[in-house]
2 protein chains.
Amino acid sequence: MNVPGSVQIIDVSPRDGLQNEKQTVPTEIKFELIEGLIDAGIKKLEATSFVSPKWVPQMGDNSELMQLINQARHPEVCYSVLTPNMRGFEGALKFAADEVVIFGSASETFSQKNINCSIDESIERFAPVAAAAKAAGIKVRGVISCAVGCPYEGEIAPSQVAYVTKRLVDIGAEHIGVADTIGVGTPIKVQNALKAAMQYIDVKDISGHFHDTYGQALANILTSLSLGVAQYDTSVAGLGGCPYAKGATGNVATEDVVYMLHGMGIDTGVDLDKLIHVGQRISDFLGRNNGSRAAKALLAKLQD
Amino acid sequence: MNVPGSVQIIDVSPRDGLQNEKQTVPTEIKFELIEGLIDAGIKKLEATSFVSPKWVPQMGDNSELMQLINQARHPEVCYSVLTPNMRGFEGALKFAADEVVIFGSASETFSQKNINCSIDESIERFAPVAAAAKAAGIKVRGVISCAVGCPYEGEIAPSQVAYVTKRLVDIGAEHIGVADTIGVGTPIKVQNALKAAMQYIDVKDISGHFHDTYGQALANILTSLSLGVAQYDTSVAGLGGCPYAKGATGNVATEDVVYMLHGMGIDTGVDLDKLIHVGQRISDFLGRNNGSRAAKALLAKLQD
């Protein structure tokens, strides 16, 4: 089986995960989560987002959290933050984020309903953010949401993914995330979306973001590995629900992904034994079922 | 992607699933489950087992259940039953099972601890069952448990799988099931186990049985598809727990597998819309969380 020898895990639980949890999480708990992830070997994470607290109250403590982070910053770790506009970018710059993330959608309807503008308009809004980030020496990651399916439009054509990839690369994105935001993708469709992105960016600069809503995330990661994709967004304990289907699964659990990769002899730099405790701790805090099946099985064995 | 055009789903929930649920399930409910599965398009299922009710009380109603089945038998459906010995085989014969299943282990320690004899001794016990089944025109399926890993021995060498395959084929098994009983397998290890079995039996006569304990089942099915394996054991709603890690996931959910296969354009003959209701009904009866993520997402969408 032709797969990469090592994979970078990008743990998105502090941002994408917690953002989709109802309960407000204190800044210290977020910081403890981030430190726990780093202690377990995570080298890249989504720390927070600089969006209006009106829209995303859970991320309203972005400045406080970044201050805590900066008091004990790990130079080997890449701290990403989400910045939808110039105002958000100023926050990222002020707190010296290593990478800013901008989000385009492959679905016109999702773009309209989610950020109230067309795909093209959203790219135009992101252009100054990307330019300012480049000027400041901050990495720019463009994520394409609904790259396989959309809650409103259903299946999304790979040509849409190719189009948004090109637009994001044109405005300065150095990295493209192909995101199955609602987890409807299956292996062949995911390969087609990735191949579309690969028309405009090298596979080494592509990451996969697969929700596990329909249980397909690991199969989709396996099929992406076979194309050479070596970076994946994951969320410890599967933190984060699915806003489009209540009670359904959201992000794929970091532990399940690491278990698969290590089982295949693929290096991640992550210490799974440490990681399962980080995921259980935040699950306990949230009073939430641990969403990682590997973690549940490993923790059950420890209790025997 | 080179995968089979169609796949046979073998739903094992009435036997392997319910056997690992604590609550005693009345015969009528089992029969309703079986009829529901068939109505949803399942063409092969594990109906029950003919083992001593002392060991497996949940299957103590095997005769009553088979009587109910025989009153409304679907000729296009293959009804399998588990028969560990000649006494069990007599039950299978009496009620005209279409297939008998015998279980060998690829792990010597598991064989000793689970059925109190060596691998070789277990095969010798099964030999008369296989011979009698052949003489009666009943199909014989040999399943190799712990084909990838063992709760006592850890990793299992593919050569063990090859050895047990050969022994089972030699005594008359026409079909081999490669079972990751504890769900520890990952794609490359699973491929190696399957390739070992393929030394002694054609891939068209191999099925995969992958527990989802560590979340790996769909990835393992995807990798098996790429080898041409076109038959899989699954359990509706993920019925059945994991006896080796309390609270952990057991069988892979039929709905999640069907969702992946249909998404890849692979025909199963199963109506997923019907199937999700069958799984939710038995989950409700058991007062149990539905173990299928695809079913949860699809049912949540129906409630919107």
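Reader: How much space lies in the second largest pocket?
Author: About 1,500 Å³. Keep in mind that this is a predicted model. Of the 46 residues that line this pocket, Gln19(A), Val51(A), Val56(A), Leu82(A) and Pro84(A) are the closest to its centre.

Reader: Which elements of chain A each supply at least two residues of that lining?
Author: They are helix H1 (13–19), helix H3 (62–71), H4, S4, helix H5 (108–115) and H6. By class, the lining of the second largest pocket counts 18 nonpolar, 22 polar and 6 charged residues.

Reader: What makes one side of H4(A) a buried face?
Author: Start with the residues: in helix H4 (residues 86–94) of chain A, the buried ones are Gly88(A), Phe89(A), Gly91(A) and Ala92(A). Looking down the axis of H4(A), you find these buried residues within an arc of 155 degrees, so they line one face of the helix. The face turned away from that buried side carries Arg87(A) and Lys94(A), which are exposed.

Reader: Against what do the buried residues of H4(A) pack?
Author: Their partners in chain A are strand S3 (78–82), strand S4 (99–105) and helix H6 (119–135). After H4(A) comes Ala96(A), with a positive phi near 55 degrees.

Reader: How do you know that the buried residues of H3(A) line one face of the helix?
Author: The buried residues here are Asn62(A), Leu65(A), Met66(A) and Ile69(A). Down the axis of H3(A), they fall within an arc of 95 degrees, so one face of the helix is lined by them. The cover over these residues includes helix H2 (27–39), strand S2 (44–49) and S3 of chain A.

Reader: Ser63(A) also lies in helix H3 of chain A. Why is Ser63(A) called partly exposed?
Author: Its relative accessible area is 24%. Buried would need under 20% and exposed over 50%, so a value in between is called partly exposed. Not counting residues up to four places away in sequence, Ser63(A) touches Phe50(A) and Phe95(A). For a sense of distance, Ser63(A) and Thr249(A) are 186 residues apart in sequence and 29 Å apart in space, C-alpha to C-alpha.

Reader: Is Ser283(A) buried or exposed?
Author: Buried: the relative accessible area of Ser283(A) is 1%, and the label asks for under 20%. This serine is found in helix H11 (residues 272–286) of chain A. Leaving aside neighbours within four places in sequence, Ser283(A) is in contact with Ala237(A), Arg288(A) and Asn290(A).

Reader: And why does Asn116(A) count as exposed?
Author: Relative accessibility is 64% for Asn116(A), and exposed means over 50%, so the label follows. Asn116(A) sits in the loop between H5 and H6 of chain A. Its phi is near 65 degrees, a positive value in a residue other than glycine.

Reader: What is the phi of Ala237(B)?
Author: Near 60 degrees, which is positive in a residue other than glycine. You will find Ala237(B) in the loop between strand S10 (231–234) and helix H10 (254–263) of chain B. With a relative accessible area of 0%, Ala237(B) is buried.

Reader: How many cavities of 30 Å³ or more does the structure hold?
Author: There is 1. The largest cavity has a volume of about 40 Å³. Chain A contributes Asp212(A), Gly215(A), Leu218(A) and Arg293(A) to its lining, and chain B contributes Asp212(B), Gly215(B), Leu218(B), Ala219(B) and Arg293(B). By class, that lining has 3 nonpolar, 2 polar and 4 charged residues.

Reader: What share of the 304 residues in chain A is buried?
Author: Buried residues make up 61%. As for contacts in chain A with a separation of 6 or more, 74% are between residues 24 or more positions apart.

Conventions
Residues numbered from 1 in each chain as written. Chains lettered and ligands numbered in written order. Predicted model: local features only at pLDDT ≥ 70, side-chain atom pairs only at ≥ 80, totals over all residues. Heavy atoms only, no water. Buried < 20%, exposed > 50% of the residue type's maximum accessible area, 1.4 Å probe, protein only. Helix = DSSP H or I, 4+ residues; strand = E, 2+ residues; numbered from the N terminus. Arc of directions from axis to C-beta. Contact = heavy atoms within 4.5 Å. 1 Å grid on protein atoms, 1.4 Å probe; cavity = no way out; pocket = protein on both sides within 12 Å on 5 of 7 lines; lining within 4 Å. Points joined across faces, edges and corners; volume = space filled by probe spheres on them. Nonpolar A, V, L, I, M, F, W, Y, C, P; charged D, E, K, R; others polar.
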